Amino acid sequence: MAFQKAVKGTALIGGGAIAAVFGLSQFSQYRNKHGTFVNVQAAEAVPVPMKSHLPTREQQILALQTTSEFDVLVIGGGATGCGCALDAVTRGLKTALLERDDFSSGTSSRSTKLIHGGVRYLQKAIMKLDFEQYKMVKEALEERANLLEIAPHLSSPLPIMLPVYKWWQLPYYWIGIKLYDLVAGSQCLKSSYVLSKSRALEHFPMLRKDELVGAIVYYDGQHNDARMNLAIALTAARYGAATTNYTEVLRLLKTTDPASGKERVCGVRCRDVLTGQEFDVKAKCVINATGPFTDSVRKMDDQEVPNICQPSAGVHIVMPGYYSPDHMGLLDPATSDGRVIFFLPWEKMTIAGTTDSPTDVTSHPIPTEEDINFILNEVRNYLSADVEVRRGDVLAAWSGIRPLVTDPNSKDTQSICRNHVVAISNSGLVTIAGGKWTTYRAMAKDAIDAAVEAHNLKAGSSKTLGLQLQGAEDWSPTLYIRLVQDYGLESEVAQHLASTYGDKAFEVAKIAQVTGKRWPIVGKRLVSEFPYIEAEVVYGVKEYARTAVDMISRRTRLAFLNVQAAEEALPRIVDIMGKELNWSEQKKKEELEAAKKFLYYEMGYKVKSDQLRDSSEISLVPSDIERYKKRFHMFDKDKKGFITILDVQRVLESISVQIAENTLHDILNEVDLNKNGQVELNEFLQLMSAIQKGYVSGSRLAVLMKTAEENLHRRVGIPVDRSGGGL
C-alpha cells in the first residue's frame with residue numbers, strides 16, 4: 001500500500017516538472033524531423049558506390065602513395081576519426097585515414113560499452129538550468145537511436161535498474177528518468193517503469209535486500225565498441241577511403257599560400273610501421289582526430305599552442321556472468337565519492353566501471369589496484385551479502401583515457417567543455433576533440449562541415465544519418481539459425497558470429513575448419529568456454545589485423561573478457577596469423593611476447609602475481625598449514641622444498657592420469673612467482689592463503705593438487721580446465 005501511495009505521489013509531483021521540460025524539448029518538432037531513419041534512402045544519397053570487396057591493406061598503402069592529392073586526410077583511427085573518414089568519403093570527397101596503431105586501439109575500445117545520452121548530464125542540466133548540457137543530452141539521444149539503427153547486429157537496447165533505498169528518492173529519480181524518456185521523444189527505446197521491492201528482486205536477485213524500497217528501470221543502448229569502431233572504418237574503406245592502420249604521422253607538411261603569404265598545412269610525412277617505409281601524403285585539408293593525443297598533433301602544427309586536452313583515466317573490470325542477470329544492468333547513481341558506477345551484462349560476462357581520475361597521456365594505460373578495489377567496494381554495497389564479491393573474480397581490467405578538452409575558441413580557456421570542440425588553426429589544421437562515443441557521428445559531421453567551409457571543398461551535406469554500417473544490410477535476429485542449418489555451427493558460435501559480423505558472418509562460416517566430430521561439423525574454438533573460432537583469425541587478417549594483440553583485443557574480445565583465456569589462445573592465434581602473413585619463427589616469438597606483455601600490463605594480468613606477492617603474509621591457521629604442507633609433500637617426495645613438472649607428472653602417472661606437458665607448464669607458471677621453473681612450498685602456501693582471502697580464484701594447480709590428494713587411490717580423472725577464476 002505504501003509503495004502504491006509513493007508511486008501516485010511521484011506522478012503528481014513529477015507532472016509539473018515534466019510539463020515544464022516538455023516545451024523545452026520541442027518534442028513535436030524533434031519527432032517530425034528525426035522520427036524515422038530510412039536506410040535505403042541514406043545509401044542511395046551517397047554519390048559514390050560501395051565496393052563489393054574490402055581492399056587489402058597493401059592496396060590501401062598503394063593508394064596513399066599514388067594519389068596526387070586527397071581532399072581530406074584524417075589522423076586517428078578511433079570512433080571519431082573513422083567517423084570523419086566515412087562522412088567525408090560519402091560526400092564524394094577523396095579521403096584518407098592514417099592510424100599509427102590499430103583501429104580502436106585507444107579509448108574507443110575501452111569504454112563502458114554503453115550507447116547513451118547520459119542520465120547524470122540531464123540531471124546537471126536541470127539542476128543548474130544549463131541549456132548547453134541539455135542540448136548535449138538531446139543530441140546524444142538522437143545519435144543513440146541512429147547507432148542502434150545502422151548497426152543492429154553490434155548494438156541493442158539494455159534495461160538498466162536504478163535501485164532505490166530511501167522513500168524520498170523514488171519520486172526524485174522517477175522524475176529524472178521520465179524526463180530522460182521525454183527528451184528522447186520518439187527515439188525513446190522503451191518507456192521506463194517502477195518496480196516494487198519484490199519485483200526488483202525477481203529481475204535482479206543478487207541485489208541487496210536490506211532497506212530496498214523498489215527500483216526504477218530505464219533503457220539505454222549497449223554495443224561492442226571495438227567492433228563498432230572497426231565497422232565504421234571498414235565501411236569507409238568500402239566506400240573508397242584509403243584507410244590504413246599502423247601508419248604513423250611523423251610531421252605535417254606545409255606550403256605557402258601565394259594569395260595570403262601564410263603557411264598552410266598541405267599533408268603529412270608518414271611511415272608504414274610494419275615495413276618502415278616513409279612517404280608523403282598530400283591533402284587539401286588535414287583533420288586531427290587523435291583523442292588523448294590531440295595536443296601532440298596540434299604542436300606539430302604550432303609548438304607554441306597551449307594544451308587543450310585534460311586526460312582522465314577510467315578503469316573497468318570484468319567479472320563472471322553470474323554477478324548480474326543476463327539482460328539487466330545496474331546503475332549506482334551516487335558512489336561513496338560522488339561518481340557513477342555501471343554494473344552491466346556484456347558478452348555473457350559482467351562489466352563494472354568506471355572511475356574518473358586525472359592521468360598522463362600514454363598509449364599504454366594501466367589499471368591500478370586502487371581503482372579496481374574502489375569498483376569492487378561499490379559493487380559490494382549493492383549486492384546481497386549472500387554474494388561474496390571476491391578480488392580473485394576479476395577476469396580482466398583495463399584503463400581508458402577520456403580526452404576531456406577546453407575550448408580554445410572560448411574566452412574561458414580553463415573551463416572543461418562538456419561537448420565536443422572543432423577548432424581550425426591559422427594554418428588550416430582542423431581539430432575535433434572531446435565529446436563521447438555515442439556522438440561520434442555528429443562530431444564527424446561538424447568536423448567535415450568545418451573543413452568544407454574553411455578549405456572551400458566541393459561537397460554536399462552529410463549523408464551518414466541512417467547510413468548502415470558493414471554487416472547490417474541483410475542482418476536479422478534469426479540470421480544465426482541459417483548459420484547453424486547451412487554450415488553445422490554450434491548455436492552459441494553461430495549467435496556470436498551473427499552478432500559480431502552481421503551478414504558477413506557467412507564469409508567467416510565458409511572458411512571455418514571441419515571439426516571431425518559428429519557435432520559441430522565446422523568451427524574449431526580457440527578456447528573451450530568462449531565462442532570464438534579459428535576461422536575468425538583468418539578473417540581478422542582480411543579486416544586489417546596485423547598483430548596478435550589486434551586479434552585478442554579488437555577482432556575478438558578475449559583480452560577484455562578473460563586474460564587467462566586470451567593467453568591460452570595466443571599460441572594458436574599466432575600460428576594461424578603466421579601462416580596468413582608469412583611470419584618467420586622469430587616474428588611469431590616476438591608477437592607472442594608482445595601479446596603477453598599487453599595482457600600482463602594493460603589488461604590486468606599483472607595484478608594476479610601482485611595479489612600473490614601482496615599476500616606474502618600467510619594468514620593460515622596452523623592446522624591449515626599442516627594440511628597444505630602434507631598435500632605439497634605428496635608431490636615433493638624428495639623433500640626438496642619445491643615441485644617441478646616432473647614431480648607432478650610422477651603423481652599423475654601413479655593414478656593413471658595424463659596431462660600434456662605444455663598444459664602442466666602453464667599450470668605451474670601461474671603460481672611460480674619468481675619464474676624459476678618450480679613452485680616452492682612458500683609460494684604454494686601463499687597461493688592457498690590468497691585463495692582463502694578471496695584474492696585469487698580458479699587456480700588450476702590448487703584444484704589439481706587437491707583432486708590428486710582426494711583421488712590418489714581411486715584413480716579418478718583430474719580436471720585441468722580453467723574454472724573461470726580471475727586475476
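The following legends describe close-up views of a predicted model.

Residues are numbered from 1 along each chain as its sequence is written, and side-chain values use heavy atoms, without hydrogens or water. In this predicted model, local features need pLDDT of at least 70 and side-chain atom pairs count only at pLDDT 80 or more, whereas totals for chains, interfaces and linings use all residues.

**View 1. Salt bridge between Asp272 and Arg57.** A salt bridge is a side-chain nitrogen of Lys or Arg within 4 Å of a carboxyl oxygen of Asp or Glu. The closest N and O atoms of Asp272 and Arg57 are 3.0 Å apart. The pair links strand β9 (residues 263-272), which holds Asp272, with helix α4 (residues 57-66), which holds Arg57, across 215 residues; helices (H or I, at least four residues) and strands (E, at least two) are DSSP runs, numbered from the N terminus. Asp272 is buried at 4% relative accessible area, and Arg57 is buried at 4%. Buried means under 20% relative accessible area, exposed over 50%, and partly exposed in between (1.4 Å probe, protein chains only).

**View 2. Salt bridge between Arg227 and Glu543.** The closest N and O atoms of this pair are 2.8 Å apart. Arg227 lies in helix α10 (residues 225-238) and Glu543 in the loop between α17 (535-542) and α18 (548-555), so the pair ties together parts 316 residues apart in sequence. Arg227 is buried at 5%, as is Glu543 at 3%.

**View 3. Surroundings of Cys82.** The structure holds 0 disulfides, a disulfide being a pair of cysteine sulfur atoms within 2.5 Å. The sulfur of Cys82 has its closest cysteine sulfur in Cys84, 9.3 Å away, which is too far for a bond. Cys82 is buried, with a relative accessible area of 1%.
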